[in-house]
Amino acid sequence: MTESIDPAALDSGIPHAARIWNYWMGGKDNYAADRAAGDAVAEVYPQIVTMARLSRRFLIRAVGHLAAECGVRQFIDIGTGLPTMQNTHEVAQGIAPESRIVYVDNDPLVLVHARALLGSTTGEGSTTYVHADYHEPDRILDGARETLDFDQPIAVMFMGVLGYEPDLAVVRAIVGRVMDAVPSGSHLVLWDGTDTGAEVVDGAEKLVESGGVPYVLRSPEQLARCFEGLEMAEPGLVPISEWRPDVTPAPIDAYGAVARKP
């Protein structure tokens with residue numbers, strides 16, 4: 001929390017992944033360049049706004065399931081992004097106030113907002129922030145060990161962020177390294193955008209044309225490889241709108257699952 005921030009990294013004139021996502025989710029922490037890039041994607045893939053908001057509903061349901069039904073009290077949210085509504089610690093601590101959450105992001109903009117995010121934790125629990133890139137799993141684990149007990153189950157979360165890494169082998173290595181470090185009874189929660197429709201593919205191309213960071217869409221079969229060796233909770237790897245839905249599910253080009261480490 002004490003890292004200095006390079007003002008150039010916060011340039012409001014350059015589209016920024018976290019701010020674009022914040023815009024799609026209806027947040028206020030975005031600028032004209034972010035909104036322009038977001039609108040350009042939405043023109044060819046209008047469902048992106050729905051995807052953004054459904055992704056938060058998936059997080060709420062998944063974290064709620066782990067805290068209420070599985071007794072998980074520790075969470076590592078890797079690539080957390082900008083605070084919005086019903087963040088991981090708010091969901092988990094709303095069910096079990098003693099829950100401990102470690103947020104991880106390498107984004108200087110997220111670091112600026114992390115202080116406000118951490119200020120809303122419960123007195124019984126703990127919420128901390130590790131400034132690291134998900135390509136640095138050992139740094140993430142070292143930081144998380146300062147807050148979490150690695151002898152007790154931990155939920156590891158990658159929520160719509162791994163598409164920024166183009167190589168699936170690297171993605172699997174990152175996920176595998178973190179899951180190898182957590183004990184039996186831990187869980188993996190992962191979702192990502194999928195190449196399951198022509199419009200979403202067009203939207204990904206428009207994002208790059210608008211100056212946004214490229215995002216690789218993968219097939220559900222490719223995402224499933226990240227869960228190898230784990231026991232998927234029902235209903236398995238499905239569109240995030242169909243994972244234990246609390247409303248009538250809408251079709252979406254994003255798949256996710258929750259899985260337990262045996």
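In this predicted model, the largest nonpolar core has 45 residues, of which Met51, Phe75 and Val189 touch the most other members. Helix 3 supplies the largest share of this core, ten residues. In soluble globular proteins, nonpolar side chains tend to be buried together.

| Residue | Residues in contact |
|---|---|
| Phe75 | Val63, Leu66, Ala67, Thr88, Ala92, Arg100, Ile101, Val102, Leu148, Ala155, Met157 |
| Arg56 | Met25, Thr84, Met85, Gln86, Asn87 |

Arg56 is part of helix 3, which spans residues 47–68. Is Arg56 buried or exposed? Its relative accessibility is 9%, so Arg56 counts as buried, the cut-off being under 20%. A polar atom of the Arg56 side chain lies 3.5 Å from the backbone oxygen of Gln86. Between Arg56 and Val44, twelve residues apart in sequence, the C-alpha to C-alpha distance is 22 Å.

The remaining topic is a pocket. The second largest pocket has a volume of about 170 Å³. Its lining consists of Arg172, Val175, Gly176, Met179, Asp180, Arg225, Cys226, Glu228, Leu230 and Lys261. By class, the lining of this second largest pocket divides into five charged, four nonpolar and one polar residue.

Terms used
Residues numbered from 1 in each chain as written. Predicted model: local features only at pLDDT ≥ 70, side-chain atom pairs only at ≥ 80, totals over all residues. Heavy atoms only, no water. Helix = DSSP H or I, 4+ residues; strand = E, 2+ residues; numbered from the N terminus. Buried < 20%, exposed > 50% of the residue type's maximum accessible area, 1.4 Å probe, protein only. Contact = heavy atoms within 4.5 Å. Polar contact = N/O pair within 3.5 Å; in protein donor to acceptor, adjacent residues only side chain to side chain. Core = buried A, V, L, I, M, F, W, Y, C linked by side-chain atoms within 4.5 Å. 1 Å grid on protein atoms, 1.4 Å probe; cavity = no way out; pocket = protein on both sides within 12 Å on 5 of 7 lines; lining within 4 Å. Points joined across faces, edges and corners; volume = space filled by probe spheres on them. Nonpolar A, V, L, I, M, F, W, Y, C, P; charged D, E, K, R; others polar. Lists of a residue's contacts leave out its neighbours within four places in sequence.
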